[in-house]
Amino acid sequence: MSGNDINRRNFLKVMGWGGAGVALSGCDMPTTVTLEEGKETVVSYIMPEEYVIPGQGVYFASTCQQCSAGCGVHGRVREGRVLKLEGNTESPINTGKLCQMGQSGVQAHYNPDRIQKPMLRKGGALVEVTWEEAAAALADKTGKDSSLNGGRAAWLTGTVSGHQSVLLQAHLEALGSSRHYTHEVINNAVATQVNQDMFGEVQPTYHVTKAKVVLSFGADLVGTSMSPVHFSREHTKFRSAPRGVLIQVEPKMTLTGGNADLWIAAKPGSEGVLAMGIANELLAKHGLSGDALPGGLRDSIASYNTDKVVEITGVAKTKIVEVAKVLAERSPSLVLTGASTEAHEHGYQSVAAAMMLNVILGNIGKTITSSGEFPFPQLTAKRGDMKGLLAFAEHADKGEIDVAFFYGVNPVYTAPKFLNLEQKLDKIPFKVVLTQFYDETANRADLVLPLASALEDWGTHVPGYLPEDKIISMQQPLMEKLYKETHGLGDVLLSLLKMRKPEEYEGFADYYAFLREAFAAIPSDHKGGVGDEKFWMQALQFGVIPVNVAERSIKPTPIEADLPALKEDISYPFYLVPSAHLGLWDGRHANLPWLQEAPDQISKVVWGSWVEMHPKTAARLGVENGEFVRVESMQGSIEAPLYTHRGIHPNAVAVPLGQGHEEYGRYAKGRGVNPLKILNPVTDEKTGEPALYGTRVQVAKAPFDEKQKMVRFGGSETQVGRKLVASITADVFNRTEGA
Amino acid sequence: MKRYSNRLYEGLKRISLGSAALLVVFAAVPGTGWAEVPNAVAPKGAHAGDDVPQPIEFPHDVHAKINQINCMYCHTYARRSKVAGIPPTSKCMGCHTIIATDKERIKKLTEYWESNQSPPWKKVHDVPDYVHFTHEKHLDRFLFSNEGMDVERVSEVCAFCHGEVKEMTVAKKVKSLNMGFCRRCHEANDGPSDCWKCHK
């Protein structure tokens with residue numbers, strides 16, 4: 001409104017004097033919006049498609065690639081541009097819904113920081129080259145006539161599935177290598193190992209809606225679970241009448257914790273003991289049968305009497321008794337685990353103890369069922385984890401890798417400092433990074449191949465977690481590529497394969513041609529009685545391909561949980577919680593302004609990092625809200641403003657994942673801190689998975705006097721006595737309104 | 001009677017010689033043509049728009065006036081969408097591979113067509129992004145669902161907001177198309193007055 005004499009007050013005065021008539025005549029005044037004639041170009045079609053009507057949207061089905069949950073999307077396309085993404089109602093994963101990360105897919109696509117041309121390292125610096133030059137460099141280093149010992153080539157990827165995974169495996173096979181490392185920061189590697197050992201399959205199906213109680217040891221159902229939208233939907237149904245009871249055990253309140261009926265902050269790392277204590281209550285006080293458990297385990301449970309559990313976990317006895325009572329009275333129930341329980345030194349044991357509760361409570365076959373035999377094992381998800389990165393780093397360090405391809409990962413950002421990854425990467429002579437953005441890993445690459453966005457690419461996906469109805473999810477381009485010199489993953493893989501096995505792959509003009517042939521090869525009993533062409537068209541139209549799976553049942557074999565006592569550390573008294581939230585995820589979305597702008601669901605902080613601490617702890621340390629504090633582990637320190645909240649264990653300090661990028665475009669670079677950097681080299685003893693929640697830290701006021709305002713949405717935690725939402729205590733309610 | 005007509009003719013001639021803009025104001029007065037659209041009150045007000053040079057000086061007069069081509073023949077999306085649409089180049093070439101191929105303008109058009117490009121037309125009429133305007137609804141109200149109105153006379157409805165385009169070569173903005181303009185017309189014609197009808 002600058003340059004205009006009407007401010008709000010004058011506008012209201014005008015309104016008051018003359019009413020609507022005067023106000024409307026004000027509408028003829030020159031506006032601050034310039035709609036100058038002849039400044040904008042309006043380009044017509046040369047030859048329009050028949051179905052195109054300018055100004056009207058056409059919808060295409062595809063698959064979201066913002067995390068590995070594989071939600072189906074509908075993209076609204078107008079005048080050849082995708083404008084909006086919504087959930088695909090045909091997909092059983094998200095049934096028409098889409099989370100904020102999915103909605104932001106268009107920002108990953110239209111992002112101004114996308115790489116538009118390949119880059120090759122020449123004389124120490126990355127310079128833009130043509131695809132021909134990039135391909136020549138690839139052929140020179142990895143082609144069949146190159147001097148490469150194929151067994152020394154490796155792929156480090158995020159979770160991959162579908163036909164891209166098939167081509168990737170084919171490329172490794174063509175190289176004669178078995179080095180496929182998969183890496184995801186937010187994973188459930190420990191839980192899948194327990195599932196495998198206990199239930200005989202990596203990922204059974206969880207029926208949240210069939211449960212009357214859900215006891216969640218850190219499973220962030222409505223946030224960063226393995227399938228965020230799916231479990232949010234399940235949670236909503238579970239909480240509608242008849243309302244299920246949700247009990248959440250975690251060191252730092254997640255959005256799920258904030259919605260729970262009972263939120264319990266057990267001492268970090270003691271969740272398994274709490275599970276044993278609840279088991280003991282169930283067997284001893286509520287007469288549940290422990291017959292399905294091995295004798296040793298029964299004895300072990302018996303040793304965790306409630307008083308001992310109170311002492312170890314710090315959870316009030318009344319709460320333990322109450323949780324056991326609710327579980328015993330309401331059947332079936334469901335016990336789930338999440339990162340805050342899994343990612344500890346003895347995470348495997350804790351998860352085993354928690355999952356054992358499902359056996360005692362008779363939930364197997366009711367709320368936990370087998371996911372059956374997926375008929376196309378080659379298409380199923382290759383799940384990423386942290387230990388994949390560890391193995392990669394180790395092998396790189398030993399000089400076992402000569403050529404490395406990176407896709408869907410940014411290890412230079414996600415690797416903890418103790419891993420010394422940068423140095424180890426230097427031992428790999430030729431590093432090829434396939435990416436849309438110039439991130440920390442691209443910065444250290446020898447060749448950067450610019451990828452087409454997820455909305456410009458072909459693909460098929462089989463997510464790691466599939467609900468009851470099994471599907472293959474279809475990805476198709478929603479519009480023409482924005483930049484000519486970007487290529488889809490499938491196309492890059494095909495060109496790599498043509499360099500190794502031209503005779504086998506020359507026949508495929510592009511990845512689309514490969515997919516068409518692969519679809520034709522799907523056995524007809526999976527095609528619902530339609531021909532190849534119609535099957536393909538249906539896949540494009542609906543975005544999902546229903547898959548029949550052979551049924552199985554689960555016969556659980558409970559594992560004896562051996563829970564060692566928690567070690568105290570006087571110098572580093574706090575546990576670091578590298579908390580994840582549905583937004584920046586593991587940092588991959590820090591370059592999307594919508595997600596930077598979307599407040600954290602608990603702290604409401606935007607565009608930055610913070611350190612979350614219990615007000616009592618903050619008071620003890622003499623630090624105040626908004627002041628900079630230093631969080632220091634044996635590996636290093638980070639500083640961020642303090643945010644106090646009672647939804648955190650007094651012995652825990654949370655720093656959110658996602659910020660602290662040194663590269664990754666204008667929106668991400670140089671903003672906040674990355675807690676992954678200061679993780680200690682602690683791993684889960686059984687699985688070898690790094691214990692993300694197992695790092696001990698000390699906290700103090702930062703040694704500098706910088707005041708930087710932490711930007712928060714909302715601002716006040718209290719109603720400042722205004723009674724906006726009136727409340728009374730349960731006691732008063734029961735006395736005055738209750739039965 | 002005859003004398004009076006002559007005087008009016010002379011007067012109009014003087015005005016047209018004097019100021020094109022003034023003529024536009026004059027033409028906007030109801031009763032000089034569009035009042036014939038039944039069940040409608042033509043919007044008032046004028047705007048002295050800029051001359052907008054186009055890549056090809058498209059003669060609206062030749063098409064719409066001399067050759068009597070219906071506006072919706074080229075702006076075919078007007079009845080089906082928010083936007084009226086600039087005709088696809090293929091539509092121009094539908095006629096101009098045969099008609100008037102020797103004219104400079106057509107030669108230029110053919111050049112665009114053969115190099116697989118569309119002429120980079122400049123936008124003349126626009127409303128801000130926070131205004132939802134749809135051609136479809138307006139054409140329905142004043143043309144297709146308007147009793148006593150004939151599709152052949154669509155140009156009279158277009159002229160409500162675009163002026164006498166068939167008298168122009170390249171289009172020029174002669175109506176302000178601001179909120180006051182829209183509101184007055186909505187009031188006169190009993191159009192919706194909810195804020196969110198236009199600001200959604």
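Here are legends for a handful of close-up views of this predicted model.

Residues are numbered from 1 along each chain as its sequence is written, while chains are lettered from A and ligands numbered from 1 in the order in which they are written. Since this is a predicted model, local features need pLDDT of at least 70 and side-chain atom pairs count only at pLDDT 80 or more, whereas totals for chains, interfaces and linings use all residues.

**View 1. Domain 1 of chain A meets domain 3 of chain A.** Chain A splits into domain 1 (119-182 + 376-546), domain 2 (189-369) and domain 3 (574-701), with bounds that come from an automatic or database domain assignment. On the domain 1 side, helix H15 (386-397) and helix H16 (411-414) of chain A are the elements that give two or more residues, and H15(A) gives the most, with three. Helices (H or I, at least four residues) and strands (E, at least two) are DSSP runs, numbered from the N terminus. That side of domain 1 of chain A has seven nonpolar, three polar and five charged residues. Ala, Val, Leu, Ile, Met, Phe, Trp, Tyr, Cys and Pro count as nonpolar, Asp, Glu, Lys and Arg as charged, and the others, Gly among them, as polar.

**View 2. Chain B touches chain A.** Here 28 residues of chain B are in contact with 22 residues of chain A. From chain B, the elements giving two or more residues are helix H5 (89-96), strand S1 (121-122) and helix H9 (179-188). H9(B) gives the most to this side, with three residues. By class, the chain B side holds eleven nonpolar, nine polar and eight charged residues. Look for strand S1 (residues 41-42) of chain A, which pairs with S1(B) in the antiparallel sense over two bridges; strands pair if DSSP finds at least two bridges between them. In that pairing, Val42(A) sits opposite Trp121(B).

**View 3. Ser333(A) sits in a strand of chain A.** The strand in question is S13, residues 333-337. Ser333(A) counts as buried because it has 25 C-beta neighbours inside 10 Å. (Buried takes 20 or more other C-beta atoms within 10 Å, exposed 12 or fewer, and partly exposed is in between; C-beta atoms are placed from the backbone.) Ala211(A) is 122 residues away from Ser333(A) in sequence, yet their C-alpha atoms are 4.6 Å apart. Leaving out residues up to four places away in sequence, Ser333(A) touches several others, including Val213(A), Leu327(A), Leu361(A) and Thr367(A).

**View 4. Pro467(A) lies in a loop between two strands.** That loop runs between strand S18 (459-461) and strand S19 (471-475) of chain A. Pro467(A) has 21 C-beta neighbours inside 10 Å, so it counts as buried. Its C-alpha atom is 6.4 Å from that of Ile93(A), 374 residues off along the chain. Not counting residues up to four places away in sequence, Pro467(A) touches Pro92(A), Ile93(A), Thr205(A) and His230(A).

**View 5. S19(A) pairs with S18(A) and with S20(A).** S19(A) is largely enclosed by the rest of the structure because five of its five residues are buried. Ile471(A), Ser473(A) and Gln475(A) point one way, and Ile472(A) and Met474(A) the other. S18(A) and S19(A) are antiparallel and share three bridges, with Gly459(A) opposite Gln475(A). S19(A) also pairs with strand S20 (residues 544-546) of chain A, again in the antiparallel sense over three bridges, and there Ile545(A) is the bridge partner of Ile472(A).

How values were computed
Two residues are in contact if their C-beta atoms, placed from the backbone, lie within 7 Å.
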